[in-house]
Amino acid sequence: MATRHSRSAARLMMAPAVILLLGWMLVPLTMTLWFSFREFLPLRGGDMGWVGFDNYARFVTSSAFWPSIQTTLLIVGGVLLITVVLGVLLALLLDQPMWGQGVVRILVIAPFFVMPTVSALVWKNMFMDPVNGLFAHLWKAFGATPVEWLSQASMFSIILIVAWQWLPFATLILLTAIQSLDSEQLEAAEMDGAPALKRFWFIILPHLGRAITVVILIQTIFLLSVFAEIFVTTQGSFGTRTLTYLIFQRVLESQNVGLGSAGGVYAIILANIVAIFLMRIVGKNLDR
Amino acid sequence: MARAVTPRRKALTTALAWAIGFLIFFPILWTILTSFKTEAEAIASPPKFLFFDWTLENYGVVQDRSNYMRFLWNSVIIAGGSTLLGILVAVPAAWSMAFVPSRRTKDILMWMLSTKMLPAVGVLYPIYLIFIKLGLLDTRIGLIVVLMLINLPIIVWMLYTYFREIPGEILEAARMDGASLRDEILYVLTPMAVPGIASTILLNFILAWNEAFWTLNLTAANAGPLTAFIASYSSPEGLFFAKLSAASTMAIAPILILGWFSQKQLVRGLTFGAVK
Amino acid sequence: MYLRNALRAATALSLIAAGGAWAETLTIATVNNGDMIRMQGLTDDFTAKTGHTVEWVTLEENVLRQRVTTDITTKGGQFDIMTIGMYETPIWGKNGWLVPLDDLGADYDVDDILPAMRGGLSYDGTLYAAPFYGESSMIMYRTDLMEKAGLTMPDAPTWDFVAEAARAMTDKENEVYGICLRGKAGWGENMAFLTAMSNSFGARWFDEDWNAQFDSDAWKTTLTFYLDLMNDAGPPGASNNGFNENLSLFQQGKCGMWIDATVAASFVTNPNDSTVADKVGFALAPDTGLGKRGNWLWAWALAIPAGTAKADAAKEFIRWATSKEYIELVASKEGWANVPPGARTSLYENPNYKDIPFAQMTLQSILSADPLAPTVDPVPYVGIQFVAIPEFAGIATEVGQEFSAALAGQQTAEQALEKAQALTTDAMEAAGY
């Protein structure tokens with residue numbers, strides 16, 4: 001159906017988006033690359049010349065580097081696991097007939113509308129505070145010693161906060177997918193006496209494959225750059241320093257733009273590795 | 001569609017769903033409740049749930065300290081502007097990807113998504129320097145452009161998946177009738193894609209509203225949105241739970257209300273082509 | 001409303017006519033501390049006097065620092081006045097990024113500014129930022145709990161006494177913790193406290209050749225003492241407590257002692273916010289008999305970035321906000337206990353201020369702090385709870401994270417010090433020392 005005419009028109013129509021994004025990617029990327037090879041210390045007089053690969057070597061050999069990669073992947077993986085598993089269960093539940101379905105749905109999606117900064121502040125102060133937080137009151141009510149969430153269970157706490165924010169998103173997409181499932185097929189299976197677990201495993205889950213892929217793809221993009229939640233709660237202490245946060249420390253706290261830029265390049269490489277990995281799965285799943 | 005279930009099962013499901021819904025919503029509810037307490041009651045042990053002296057004084061304090069309306073207005077303009085601008089750029093791109101696909105279409109799409117993976121902190125200095133050169137610091141237009149670029153990949157992708165759902169035959173029929181490309185988009189495609197476009201707008205409005213890195217670092221007195229508003233409350237001196245709650249409630253209320261009113265749209269639209 | 005605007009316009013016009021100055025709008029970045037918020041509320045007085053209006057950008061401390069540093073290093077020109085501290089001022093002043101404040105006028109009485117503050121906010125003898133308020137640190141303690149424990153707090157206690165008292169006051173059943181100290185990681189949080197504390201134990205950050213000193217015995221003693229004390233008598237979750245968290249705990253009556261900024265004295269004795277307002281006593285920060293006390297010196301100050309087109313109006317604002325008249329203005333509206341402390345000598349000579357219970361202890365603490373000779377042994381740097389070099393903030397925050405992790409029980413003092421030594425050495429090498 002595509003004529004040559006419509007092909008060139010199509011290119012023309014794609015041009016603004018492609019050019020804009022190319023600019024958005026290339027200009028900062030080029031500048032980051034440039035800075036990463038220079039000794040750039042804003043507080044010590046700015047750009048002080050070429051240093052070759054020094055920044056790259058220094059960033060990677062710092063004792064903080066590998067733990068930060070691990071932390072990043074742990075947060076991404078943990079949040080994905082929680083949101084996908086709970087998202088599927090929640091979507092199944094919300095798909096059941098019930099009274100007040102609309103209201104429940106509203107309650108469930110609400111966290112998605114909360115700014116990350118606000119949700120981190122609220123969780124940190126009003127729930128996880130070991131003296132005045134609601135969890136502390138709850139623990140005390142049962143005679144237990146309150147947990148110091150942000151230091152003793154720092155990763156868990158951050159994953160919890162982030163997962164709370166993203167669970168609605170996963171649930172919504174999965175719910176939409178479940179609702180599109182052919183109910184006759186399910187009913188037929190039910191008639192045949194297939195137990196609920198089997199029906200879930202052989203009919204529902206395969207149907208959700210695409211939706212789960214989409215959830216994973218979109219969330220990964222956002223989760224790789226999680227920042228506000230860490231900045232507000234632990235500021236990178238107690239093993240919660242992600243690669244993004246490490247770069248933040250190098251660029252803004254240590255005011256070493258060259259070193260931070262090298263870190264930025266590493267982050268782009270990591271993102272691309274994750275992306276290629278994702279594309280492999282997603283690409284297959286998104287094809288018709 | 002409606003499956004026959006016993007009332008008992010329906011009651012059980014209802015109870016369970018409500019309980020879980022309440023649990024998930026609770027942090028927000030607790031924030032809203034706390035915003036109506038005095039500081040002393042906000043930290044009372046055991047915590048007071050509903051039976052306390054409801055007061056509006058925290059809202060008064062917050063309003064006295066900062067010009068809420070200006071932050072709100074900036075948020076509306078920036079989130080709205082970036083979303084609309086994004087739609088304008090994305091609709092033609094998504095159209096051509098969906099209806100005139102080439103071998104590289106998917107690669108381009110994936111490449112677009114990958115631009116979102118650049119860590120923002122890493123490019124703060126470059127962007128800040130560019131903004132100085134262009135005189136865009138602390139302007140709404142600057143933020144509109146940045147947020148549009150950040151969300152553009154998502155917008156393009158969402159629209160692309162909607163457009164793909166539209167059967168090509170309709171377009172061909174229109175073309176037979178002599179419709180030009182412009183007519184095709186304006187009169188045939190757009191009406192069919194309205195639900196998809198609407199939910200794309202909603203999702204991106206929310207994402208832009210909640211963006212807290214660029215909006216904080218590229219603004220000063222003029223263009224700061226609600227994310228900047230909340231940054232002045234994160235750890236004030238002394239007892240602050242109630243005031244923090246009031247500020248938080250004020251920051252999230254508009255988007256929460258908007259989200260609730262449009263949740264049907266959002267639910268329908270958030271498919272990303274995941275539903276066949 | 002209309003009338004007020006018209007009146008304002010008229011005032012502004014007459015001022016323009018009189019002084020030839022144009023009414024400007026100043027953009028001021030500031031931190032969300034109580035005294036600054038009070039200043040925002042009083043801006044109308046400044047506008048009425050000068051015709052200039054003010055736009056405030058109020059941010060939480062960490063965000064503010066990141067925001068103004070980005071702007072000053074790139075010459076972004078977003079702010080006409082920045083609120084900065086004693087750490088930034090000499091570094092920025094040296095780089096020529098700030099407008100010298102050497103011409104604030106005779107009526108401003110620059111000699112009235114406390115010498116320690118003036119010294120810390122100058123580079124090469126030139127004042128680059130005017131102190132809005134200044135602070136040292138001291139012990140704030142609960143007189144009732146001290147009495148209950150059968151002890152009397154001397155005016156100048158030792159660390160051993162503080163530790164003994166803290167353990168005696170602790171009553172975990174009733175959520176009373178003998179001592180609240182900063183544990184939250186950050187160069188301005190736990191490291192400010194620990195660096196000041198280490199001075200009293202004779203430790204230092206660097207020797208005279210800029211070699212990191214975390215492998216010294218003095219640091220080991222400091223950190224071990226701190227960790228033991230906090231584990232026995234500190235509140236739960238102390239590794240997440242900074243100034244604000246501790247203030248909140250103290251106001252709720254959950255701390256027996258708190259060693260922190262002198263400005264906190266007015267918050268803990270304010271009956272509106274504090275449940276223990278009438279039971280607070282003050283003492284100098286502790287020592288170990290080596291000749292230095294564990295108190296710091298800090299000022300939040302107003303500075304003008306070089307290159308602003310509104311330098312004259314900005315100076316007028318600084319003249320207003322850091323003047324004696326401003327102190328009186330606050331006193332007339334909010335009472336003497338709430339005026340910005342620690343900046344001017346005349347405040348401490350004012351008979352109205354003498355009755356304030358914490359005034360003399362604050363002054364003594366400030367006067368006993370010497371940024372040029374912070375610790376027992378000689379050091380190559382300036383600053384008591386910080387080291388005034390650009391690399392410090394980054395290094396100290398990372399060191400602070402190690403110490404914070406040690407407080408949370410995730411590693412031992414030795415491990416934390418070892419890592420601190422390694423990362424400080426690395427960073428200093430990278431910086432070319």
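How many helices and strands are there in chain C? In this predicted model, chain C holds 19 helices and 10 strands. The radius of gyration of chain C is 22 Å, close to the 22 Å given by the globule rule for 433 residues, so chain C is as compact as a globular protein of that length. Along its principal axes, the C-alpha trace of chain C spans about 65 × 50 × 35 Å.

Chain C is in contact with chain A, and this contact involves 23 residues of chain A and 27 residues of chain C. On the side of chain A that touches chain C, the elements giving two or more residues are helix H7 (149-152) and helix H12 (243-253) of chain A. By class, the residues on this side of chain A divide into nine nonpolar, 10 polar and four charged.

The contact between chain A and chain B takes 82 residues from chain A and 82 residues from chain B. Helix H1 (residues 4-36) of chain A provides the largest share of the side of chain A that touches chain B, namely 17 residues. The class division on this side of chain A is 61 nonpolar, 18 polar and three charged residues.

Within chain B, the domain assignment gives domain 1 (7-60) and domain 2 (67-232). The centres of domain 1 of chain B and domain 2 of chain B, taken over C-alpha atoms, are separated by 36 Å.

Two packed helices are described by the angle between their axes and the distance between the axes. For helix H7 (residues 140-165) of chain B and helix H9 (residues 181-210) of chain B, the axes come within 10 Å and cross at roughly 155°. Since angles over 145 degrees count as roughly antiparallel, H7(B) and H9(B) are therefore roughly antiparallel to each other, and the crossing of H7(B) and H9(B) is right-handed. On the side of H7(B), the residues that meet H9(B) are B:Leu147, B:Asn151, B:Ile154, B:Ile155, B:Met158, B:Leu159, B:Tyr162 and B:Phe163. Their counterparts in H9(B) are B:Ala193, B:Gly196, B:Ile197, B:Thr200, B:Leu203, B:Asn204, B:Leu207 and B:Ala208. The residues of this contact of H7(B) with H9(B) divide into 12 nonpolar, four polar and no charged.

How values were computed
Residues are numbered from 1 along each chain as its sequence is written. Chains are lettered from A and ligands numbered from 1 in the order in which they are written. This is a predicted model: local features need pLDDT of at least 70, side-chain atom pairs count only at pLDDT 80 or more; totals for chains, interfaces and linings use all residues. Axes are lines fitted to C-alpha atoms, for helices over the stretch in contact, and angles run from 0 to 180 degrees between N-to-C directions. Helices (H or I, at least four residues) and strands (E, at least two) are DSSP runs, numbered from the N terminus. Angles under 35 degrees count as roughly parallel, over 145 as roughly antiparallel, 65 to 115 as roughly perpendicular and the rest as oblique. A crossing is left-handed if the near helix is turned anticlockwise from the far one by less than a right angle, and right-handed if clockwise. Two residues are in contact if their C-beta atoms, placed from the backbone, lie within 7 Å. Ala, Val, Leu, Ile, Met, Phe, Trp, Tyr, Cys and Pro count as nonpolar, Asp, Glu, Lys and Arg as charged, and the others, Gly among them, as polar. Domain bounds come from an automatic or database domain assignment. The radius of gyration is taken over C-alpha atoms; the globule rule is 2.2 Å times the number of residues to the power 0.38.
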